[in-house]
Amino acid sequence: MELKVIENATCTFCGCVCDDIELHADDVRIHQAKKACVLGKSWFLNHTAEKKYPDALIDGQPASLDEAIEVAANHLYEADMPLVYGMSNTTCEAQKECVAMADLLGALLDSHTSL
Amino acid sequence: MLRITGGTIYDPANGINGEVRDLYIADGKFSSKFDAGRTIDATGMVIMPGGVDVHTHVAGGSINFGRARTPEDHRRTHAFIRSKTRRSGLGGMAPTTFATGYLYAGMGWTTVNEAAVPVLSARHTHEELNDIPIVDKSSLVLLANNEIILDLLEEGEDERAKQIMAWYIWAAKSYGVKAVNPGGVASWKYGNDSKHLTSKISGYDHITPGTIVTKYAKMIDELGIPHPLHLHCNNLGAPGNVETTLETMRHLEGSRAHFAHLQYHAYGGDDWGNMRSEAARLAEYFNAHTNMTTDAGAVLFGDTVTITADGPWQHLLYKLTGRKWGNLDVENETGCGIVPYTYRPSNLVNAVQWAVGLELLLLINDPWRVFLSTDHPNGACFWRYPEIIQLLMCADYRNECMANLPLNIKNKISLPEISREYTLYEIATITSAGPARSLGLKHKGNLGIGKDADLVIYHQDKDIARMFGHPRYVFKGGEIVIEEGDIRETPDGKEYLIQPFYEPDIDEFLRPRFEDRYCMSFENYPVEMERIEHAQIQKCTGDDAEDGDSQ
Amino acid sequence: MGGKVTCTLGEVKNRADFIVYWGGNPAECHPRHFTKYTLMQKSKFLPRGRKDRTVVLVDIRETKSAKAADHFLQVRPGKDFELLTILRALIKDQKVSEEQVAETGLSLEVLKDLIEKMKAAKFGVMFFGMGLSMTRGKHMNAAALLTLAAEMNAFTKFVAMPMRGHGNVTGADVIMRWQTGYPFGISLNRGYPRYNPGEFSTVDVLVRGDTDCAFIIGADPGATMPKPAIDHLAKVPTIVLDPHVTHTSRLSRVHITTAPAGIAAPGTGYRMDEVPMPLKPALQSPYPSDEEVVRRIRETIALRPDWMTNQPQMIEAQI
Ligand code: SF4
């Protein structure tokens, strides 16, 4: 099968954020991550497009995405002092959504940096 | 549709000076017809086109570095509380993005030009601009210390340099070119500065700051960029620098040029003890040469944080004040420095600076060529503009303020001899019509039919600062955004950019030079068009056709 | 006094002839830092690359990175602040006693040699890692190092930069700053941002039991935080967004699987020097992106009645 090649892909595993990686991938997994270091390689190669996990878990039981969003929103809305935390391994676009949500909730907002 | 009746209109772009007229608005523009809809009675009120800020620093790595350096200010300043439809924010010296939009619109400003964008972090600047609500935006890219372009000028490859300039503007999705301390920032990277137009630039033998300013102004004119070279002269802030400024102006005869924050470039004397205003000399030259525009970069007393791409000046300020210093050098392109600062009336240097800003605004006789700015946040925060308007409109108030200056300021400033008072028509010119024209934004700062319906309605008020600080209504794109101090709507603003022409093969020429200098991939460097929300590409060249079509 | 004097990584690549790594182990934690940005690159100003650069490593133990350095300075654990303060004194030719120096585990001779080299540099840079900023003294250590770099500018060009760790933590920092004014440790419960790291930082909040619902994204505190904090996460409703079912997922009430950022979700990530990079996903995930899921949760919350009404639009002075 012909592998798709992505040039100048970006690795966000560490703060170097190398953007010169050449990825060779099929529909399911990345087979090669040229120029990436050992950490970057294993990061790229360990993620796949397989459906390894259920869409969501509610109280440990598999659930649909829609249900999970509803329940999550409910918990957050009902809380007096919700906390929004993390935001390391995600995109800036998701981070902006997190800050917007925290603003709406009147939440505590914190990242890895405070550790 | 909407009708505004009975207001007294000041619309310098159309020569309307205080006439009572009705305005009609349809589809976000001024219209000649009104069939049905809401009517707003503005009888007894003053109407002007929405303010346009030609030079401010509101988005991107530098101001965000400033925010990081001033948490103590965030906690004492006013706070905007979030509502169901509106984000929270903090005002102060370096306001958050959302608060920036509320504060500008809150005093009737509807367009702002972010004056310093490094291409390398232009993505960041645009993300912040996207998060500034209500106002329309444009930005200028920092190129005067770009070593790839300087190398080409050094090699005599002027045509290629021009092409690369065009490439960079489009890569940054920018609206024009800003030059900061041309050559001086490049020297700063070796710890040096280039203070005069004939100074050596570290690392170069054939070019000087003088070469850069003249060639850049010419290249910008040839590329047909709507806004001329936006120039922060060499030798900012230093006693005696008026010579450098005049020398720069002489270099630029025959080209268009915009001189940023002229206040910081108009000093005589040769040390801090005998520093004096040379605003009168500068204004005289400026008045006689109509190829130039300028913004005041006025100073107000109080706390602020100074942020410029002028690294060497910031290091000097740090040494003078001993306060926190931040500096950020950007590879191949530019640098930026940050120092919190308090302007005090009792401090002779600060008092001279305060006077110089006002003198320039009062002594330059053509309001179409001098614009209101504080070089936010450097001279003062932009939300203090109403105080400057009061100083310009009331000679008595000016005199009152002058009583607080040190006695030994006599003979160092000319402000006490100036009796001029701005009219409302002139205020509308320096805050809106003039800067819009200089930026080449033909549909801004203009209440004519078909133009963007951005306008502000003020109560008549003897207290000028209160009048301009608390508009009755502010309209942006035909929509009421502010009503009697309340934020009604927070629509997204548009962002203006240009796409100057360059030969497609320039990419291949640039690539090896780029890879030599930078440490990100050439392909990843240009900002993708999808990242600009509500982008409007403006035309280059002298094309008179109406711009502003959505892309 | 003091401040932060920094630059983008390309400046280091192009100009830095003197490079210090303090409390970090780039060889193992940021493997391409040496080759891509610092040691190995050649440039117009440093045509011989590695040969034109001097590299110093300061750490409490000899890590793999020491091999790459010209000089290794082993500082006694917990004595970083003292060492930095001594260096600040030495650059200004102030007197420092042998005993004070000895406490840091180094000799005056070594430090004087270091100062000489720093001053002789054309462009110096100091990178500092978790070993400096997360041990005894914490942000005081980082501040001392930043001040040292700022003060070095009286002699030559000098800059400093933190070696930011995992993923896009820099992006979170940058975004929170422009949207709220503060980088982390924020409370929005009064309707506007307030900042107080000790009070609002997550570990403290969890250990005190001061939250009644936790939303965790792009992190796995269940694997890294102290036990009392994890216990509290298990007690309150916790919601996790992650490409994997993590330790935190296992103690959460809701886990939502999302597409891994940069591999199957597009967007932006910030490099440690705050330069934004576009992400180019190679795979199409069967799961939605974090961005999409957070937006949908926010929109669902926004449909409910607002919990905060009758607030003024703005307050002049914060309480
Ligand atoms: S490739 Fe290696 S050094 Fe580069 S970002 Fe990924 S993990 Fe870091």
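Me: What makes two strands a pair here?
Reply: Two strands pair if DSSP finds at least two bridges between them; strands (E, at least two residues) and helices (H or I, at least four) are DSSP runs, numbered from the N terminus. In this predicted model, local features need pLDDT of at least 70 and side-chain atom pairs pLDDT 80 or more, while totals for chains, interfaces and linings use all residues. Residues are numbered from 1 along each chain as its sequence is written, chains are lettered from A in the order in which they are written, and side-chain values use heavy atoms, without hydrogens and water.

Me: How do you know that S4 of chain A and S11(C) pair?
Reply: They share 3 bridges in the antiparallel sense, and the cut-off is at least two, so they count as paired. In S11(C), Val254(C) is the bridge partner of Ile58(A).

Me: Why is Thr258(C) called buried?
Reply: Its relative accessible area is 0%. Buried means under 20% (exposed is over 50%, partly exposed in between; 1.4 Å probe, protein chains only), so Thr258(C) is buried. Thr258(C) lies in the loop between strands S11 (254-257) and S12 (267-270) of chain C.

Me: What makes Arg296(C) and Asp66(A) a salt bridge?
Reply: Their closest N and O atoms are 2.7 Å apart. The rule asks for a side-chain nitrogen of Lys or Arg within 4 Å of a carboxyl oxygen of Asp or Glu, so the pair qualifies. The count between chain C and chain A is 7 salt bridges. Helix H15 (residues 290-302) of chain C gives the largest share of the side that touches chain A, 11 residues.
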